[in-house]
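Good morning, colleagues. Please look at the sequence and the structure first.

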Amino acid sequence: MIDLYFWPTPNGWKASIALEEMGLPYKTHLINIGKGDQFDPEFLKISPNNRMPAIVDPDGPDGAPVSVFESGAILMYLARKTGCFYGASERDRIAVEEWLMWQMGGVGPMAGQAHHFLKYAPQLDPPQDLPYPKDRYRSEVGRLYGVLDRRLAENEYVAGDFYSIADISIWGWASLWEGQQQVLEDKPHFTRWLDMMSARPGVQAGRALHADLRGDHRDQKSQGVLFKR
Ligand SMILES: N[C@@H](CCC(=O)N[C@@H](CS)C(=O)NCC(=O)O)C(=O)O
């Protein structure tokens, strides 16, 4: 039984979707990021960057326990452990890693900042309604989704003709495109892929995990914890 340290956000969904898709049994430990659970010294021992998700696998390498933080590292570890969703050849794995790194270094941080400046910052007291970062992150996310649309024009899935952890890494952030103030009319391949991904039972199950706890960080306590205010 893998221990999953989780809160229902796009980064958390990468781990919950992977565990569901791979059929791995897991026990969920909630890390309420609005209340500050990510700073608990016990949690910091497995996730020193005070971010979730993280996992502890009691049956790690050589049968000994291992902890993993950073969603991309979790996806790669679970894919290696199970032999699932990492392609069948070295060329496949190179493509999976290219698009996984593209998500980790691009879509995740840029979409995260888009959410911050478009949605959360204007709700702060006093409001931080800042045109330059709003435009900057909205347009950068749009550029990245254009790259993805062109890739998906020629490939059924992100890394090629097979489903992979790269798809799992991208879906959560991409599914929230409306909150990032994006348009999809000009991105038919991206739209096809979003629909295909959203129909997968494993994606639906990972997305549904504690979905009732999703918050909008409107309260001052959450803002204080997350935005250091
Ligand atoms: N690069 C990290 C990012 C994880 C991350 O940013 N998690 C957020 C929630 S989506 C979090 O734990 N935030 C807590 C905080 O900001 O204190 C990953 O992909 O695992």
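Which domains does the domain assignment of the protein chain give? It gives domain 1 (2-84) and domain 2 (90-198), with bounds that come from an automatic or database domain assignment.

A word on conventions. This is a predicted model, in which local features need pLDDT of at least 70 and side-chain atom pairs count only at pLDDT 80 or more, while totals for chains, interfaces and linings use all residues. Residues are numbered from 1 along each chain as its sequence is written, and side-chain values use heavy atoms, with hydrogens and water left out.

Let me turn to the interface. The C-alpha centres of the two domains are 22 Å apart. In contact, meaning heavy atoms within 4.5 Å, are 14 residues of domain 1 and 14 residues of domain 2. Together the domains bury about 1,100 Å², 81% of it on carbon and sulfur atoms; buried area here is the accessible area (1.4 Å probe) that two parts lose on being put together, summed over both. Pro 10, Lys 14 and Met 76 supply 40% of the area that domain 1 buries against domain 2, more than any other three residues.

Finally, which elements give two or more residues to the side of domain 1 that touches domain 2? They are helix 1 (10-22) and helix 3 (71-82), helices being DSSP runs (H or I, at least four residues) numbered from the N terminus. Helix 1 gives the most, with eight residues.
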